[in-house]
Amino acid sequence: MRPTTAEERDARTALNKGAPTLEFGRRVPYDAYVHASTLHTLQRTLSSDPGEMSFLMVSQIMELYFGLIRHELEQAREHVRAGEVWPALAPLKRAALHLEGLNAAWQTLRWMTPADFNKFRDLLGEGSGFQSAMYRQVEFLLGLRTKSLMRPFRGTAAYEELEVALHRPSLWDEVIALLARQGHAIKPGLLDRDVADEHETDQSVADAWVRVYRDTGPENHLRLLGEALTEVADRFGDWRYLHLKAVQRTMGAKSGTGGSNGLAFLQRSMSRPVFPELWTSRTEM
Ligand code: HEM
């Protein structure tokens, strides 16, 4: 794709007398950038049921959002790691907005009754969203680290990528390190722990947030960071809740295609809090 300047665009508009350009050399530039023609070849349904397409495409839309949210959280983590609190706010804001977009996608599955789902459910075999490697990447970044959930990917490139992610500090680990660098008394063991293990709620981190939130002035960027992170955790919680409701609505308490006991498994999974001390500290504020 050849970049253009504002002058070139104005000249083209004058030449076109205000109408859009209709003639291109070989490939429409939109497609060269968005790869729409490739995207639209990826909807391979398993049945002839007309409803299956919305289930498949909503899953694909959500996968793309998982990738985008991972990208934003990685940006935020690098800024926090570098001690750049203000620049970390923009990717966190974007992540929270993408989570809203992701969550809105649940609304378009509300047509699906158990009878509708049953029309193609058997054909999914053992396939389940539980096997989304990108969702685990998002969880790992948020600090939710259940190592056993990597096992479905053994022997694949996704496993290698998850392995790398598991041994990098999560966004929450970096936030805790930042609190320590900014003078908050954080329990020493927390700063040199094995980051592959899931972080456990800690009182010294909660105490730090209580102190941070006391200063409500605009210069207190740590408080703004706390709120931006809270927003991400809150919207991620919405995804979990909306997923649970979609499951309840379309299959009740049946066993999942992924082999779990469905609702009960998801309820257990949801009980792992994201950025736990941002929640526990509120009781003491
Ligand atoms: C109404 C349609 C859906 C139903 C009935 C459903 C059902 C389930 C069930 C029963 C599980 C537990 C694992 C298992 O045994 O399969 C699960 C997990 C999961 N599903 Fe769905 N699902 C639906 C839609 C989606 C969509 C559209 C996505 C997006 C890609 C998705 C992503 C996930 C993820 C990421 C998990 C793992 C959650 C965790 O580990 O906490 N699901 N789903």
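**Starting at the surface**

Is Lys 17 buried or exposed? Lys 17 is exposed, because its relative accessible area is 76% (buried means under 20%, exposed over 50%, and partly exposed in between, using a 1.4 Å probe and protein chains only). You can find Lys 17 in the loop between α1 and α2, where helices are DSSP runs of H or I with at least four residues, numbered from the N terminus.

Before going on, note that this is a predicted model, in which local features need pLDDT of at least 70, side-chain atom pairs count only at pLDDT 80 or more, and totals for chains, interfaces and linings use all residues. Residues are numbered from 1 along each chain as its sequence is written, and side-chain values use heavy atoms, with hydrogens and water left out.

Most residues other than glycine have a negative phi. Lys 17 has a positive phi of about 55° although it is not a glycine. His 35 also has a positive phi of about 55° without being a glycine. His 35 sits in the loop between α2 and α3 (36-39) and is partly exposed, with a relative accessible area of 39%.

**Inside the protein**

Now look inside: the largest nonpolar core has 47 residues (a core is a set of buried Ala, Val, Leu, Ile, Met, Phe, Trp, Tyr and Cys residues joined through side-chain atoms within 4.5 Å). Leu 73, Leu 225 and Phe 275 have the most contacts inside this core. Several helices each supply at least two of its residues, among them α4 (52-81), α5 (85-104) and α12 (221-251).

Leaving aside neighbours within four places in sequence, Leu 73 is in contact (heavy atoms within 4.5 Å) with residues including Leu 92, Val 138 and Val 232.

**The iron atom**

Helix α12 also holds His 243. The NE2 atom of His 243 is the single protein donor to the iron atom of the ligand, 2.1 Å away. Donors are N, O and S atoms within 2.8 Å of the metal (3.2 Å for Na, K and Ca); water is not among the atoms, so sites may look incomplete.

**Charged pairs**

Side chains of opposite charge can pair when their charged atoms come close. The count here comes to 16 salt bridges, each a side-chain nitrogen of Lys or Arg within 4 Å of a carboxyl oxygen of Asp or Glu.

In one of them, Arg 81 pairs with Glu 174, the closest N and O atoms being 2.2 Å apart. Arg 81 lies in helix α4 and Glu 174 in helix α9, so this pair ties together parts that are 93 residues apart in sequence. Arg 81 is partly exposed at 45% relative accessible area, whereas Glu 174 is buried at 6%.
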